[in-house]
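Hello,

Here is the structure for you to look through. My notes on it follow below.

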Amino acid sequence: MTILIILFIGLLIINMPIAFVIGISGISYFVTSNAIPLSVAVQRVVSQTQSFAFLAVPFFVFAGNLMNETGITDRLLRLSRLLTRTLAGGVAQVSVILSTLMGGVSGSAVADAAMEARILGPEMDAKGYPKGYSAAVICLTSLITATIPPSLGLILYGFVGEVSIGRLFAAGIVPGILMMTFLMVTVSITSKKHGYDLPEPNIEKASAKEILEDLKTSIWALIFPIILIVGIRFGIFTPSEAGAFAVVYALIIGVFVYKELTWEKFKMSVVNTVIDNGAIILIISFSGIFSYVLTYVNAPTVLSGFLVGISSNGKVLTLIMLLFLFFTGMIVDSNVNILLLTPIFLPVVQSLGIDPVHFGVCMMTIVTMGCMTPPVGTACYIVCGIMGISISDYVKHSIPFFVAVILLDIVLVLFPQLVLFVPNLIFN
């Protein structure tokens, strides 16, 4: 086990791709230990992906890429501008609203951050925002995408922990809206304090007629998460079949409704989907080896005993686990954290009587925030690279937004009904 830990940390330090980090370090235990045949490692790689529920992941990735090519993004952007034109920090507020609306389309925080950096970054520069502030807003607001269904992180958590994906989707709605509120307040406070993009004194609020007109063109994106939850709730389709439905839905909207999905855009979506799914499936496959070793050495039971020894209060222990996830998120990819730590933490959570759906939403918020934190944060490096700024400048301006997200997660831990109200209402 010592060799596994040393290899894992060492390979991370030399910046080896994360899939090979967990694969090589996991298989090292089989090589150095005579307790388990090496053939078991090969079996775990194959068996990890042999699940009908797992089909939801590649389908939703494909659907997200298709929807980004259908013109939905432009329509949601126009609606976001309309809703925020009288608010302090106008373009920054657009980023918050757009991320909330895009949560029901892409399901990927990193994809959302990259898209907004290209679309809103130049406009924020023209409005006089410091580049570090622009990057912080774009990066941290994309975190909303991790909770609004169909979140890829929630699908992975449900797949690994055998938790109802339908309930997880429903549970993400209220936290997603609350995160939007917390971040909009943060943008408003910081913009007023520094004088960023304040509204013109004579500008009028959007009228009901204007909003209704924009809603008409955006409605196909806005009702998509609702269709998924209702379909799963009434047994019209399983989560995996919902992924297939999402692909067909995106094709219909792109070809017959908006008529913007060309053959070239379709081919580009397929290429991007193959690349995205290749990375995800490789990580999932190799995580089977690592997870098996952790279970074999009884890591979940050992950790459970250690945590219960600290406190028997479920909320206190949940906060401790989320603090641990916050730090691991800084050095390990969010998908890897979900795949490796869900089997360890979930038994502890369930033994304390905490609803796994509640814990999953809280966990997903903190784990995905790892994409926004150096030294390994994928989203922050992509956004900073697109906008041409240093990581240190980004970190300096991002602190108020990190504080807002952490405060929200504490609220969700202390008041679980904020998370569970909708799934309990829908799924009884």
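Is Cys380 buried or exposed? Cys380 is buried, because its relative accessible area is 0%; buried means under 20%, exposed over 50% and partly exposed in between, with a 1.4 Å probe and protein chains only.

The model is predicted, so local features need pLDDT of at least 70 and side-chain atom pairs count only at pLDDT 80 or more, while totals for chains, interfaces and linings use all residues. Residues are numbered from 1 along each chain as its sequence is written, and side-chain values use heavy atoms, with hydrogens and water left out.

Back to the cysteines. A disulfide is a covalent bond between the sulfur atoms of two cysteines; the cut-off used here is a pair of sulfur atoms within 2.5 Å. The whole structure has zero disulfides. For Cys380, the closest cysteine sulfur belongs to Cys139 and lies 5.7 Å away, too far for a bond. Cys362 counts as buried, at 0% relative accessibility.

Next, Phe169. Phe169 sits in helix 10, residues 165–171 (helices are DSSP runs of H or I with at least four residues, numbered from the N terminus). Phe169 is buried as well, with 0% relative accessibility. Ile148 is 21 residues away along the chain, yet its C-alpha atom is 7.2 Å from that of Phe169. Beyond neighbours within four places in sequence, the contacts of Phe169 (heavy atoms within 4.5 Å) include Phe60, Pro149, Ile155 and Ile232.

Last, Ile410. Ile410 belongs to helix 21, which spans residues 391–414. Ile410 is partly exposed, with 32% relative accessibility.

Regards

Conventions
Helix = DSSP H or I, 4+ residues; strand = E, 2+ residues; numbered from the N terminus.
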